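Trainee: I am new to this structure and would like a close look at a single part of it. Please begin with the whole and then turn to the place where two elements meet.

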Amino acid sequence: MEILGSIGNWYCGIAQNYGSTHIMDSWLHFHIGIIVQLLVIGMIISFTLRMLRKPAPATQEVSIMELVKRRYASGDIDSQTYNRLRSRLK
């Protein structure tokens with residue numbers, strides 16, 4: 001958290017470095033510092049959550065012959081169509 005505090009102090013110190021004495025300049029830089037801190041914290045949380053997320057399961061490639069067998073077993077195609085497709089695939 002010291003790093004984030006130093007970033008906020010750096011943004012607050014910009015107005016002093018340029019010799020600005022207007023109160024709104026320092027408040028503006030203070031708010032910019034807070035926004036930068038929130039963005040950094042958000043990016044750290046987002047990166048951490050992405051690293052901890054489980055990878056998606058690998059999809060199994062289904063061969064065309066297995067697909068024809070499944071369709072025949074479920075009754076989508078008749079035996080003549082099954083035999084014709086099986087002979088074409090071999």
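Mentor: A contact means that heavy atoms lie within 4.5 Å. Among the contacts in the protein with a separation of 6 or more, 31% come from residues 24 or more positions apart. This is a predicted model, in which local features need pLDDT of at least 70, side-chain atom pairs count only at pLDDT 80 or more, and totals for chains, interfaces and linings use all residues. Residues are numbered from 1 along each chain as its sequence is written, and side-chain values use heavy atoms, with hydrogens and water left out.

The protein has four helices and zero strands; helices (H or I, at least four residues) and strands (E, at least two) are DSSP runs, numbered from the N terminus. Of its 90 residues, 14% count as buried, where buried means under 20% relative accessible area, exposed over 50% and partly exposed in between (1.4 Å probe, protein chains only).

The part to examine is the packing of helix α3 (residues 64–74) with helix α4 (residues 79–89). Their axes, lines fitted to C-alpha atoms over the stretch in contact, are 10 Å apart, at an angle of about 175 degrees; angles run from 0 to 180 degrees between N-to-C directions. The two helices are therefore roughly antiparallel, a term for angles over 145 degrees.

In this contact, Ile64, Met65, Val68, Lys69 and Tyr72 of α3 meet Ser79, Tyr82, Leu85, Arg86 and Leu89 of α4.

The whole structure holds one aromatic pair, meaning rings of Phe, Tyr and Trp (its six-membered ring) with centres within 6.5 Å. Tyr72 and Tyr82 form this pair, 4.4 Å centre to centre with 15 degrees between the planes. The pair is stacked, as planes under 30 degrees apart are called. Tyr72 lies in α3 and Tyr82 in α4, so the pair ties together parts 10 residues apart in sequence. Tyr72 is partly exposed, at 37% relative accessible area, whereas Tyr82, at 12%, counts as buried.

Terms used
Angles under 35 degrees count as roughly parallel, over 145 as roughly antiparallel, 65 to 115 as roughly perpendicular and the rest as oblique. Rings of Phe, Tyr and Trp (its six-membered ring) pair if their centres lie within 6.5 Å; planes under 30 degrees apart count as stacked, over 60 as edge-to-face and the rest as tilted.
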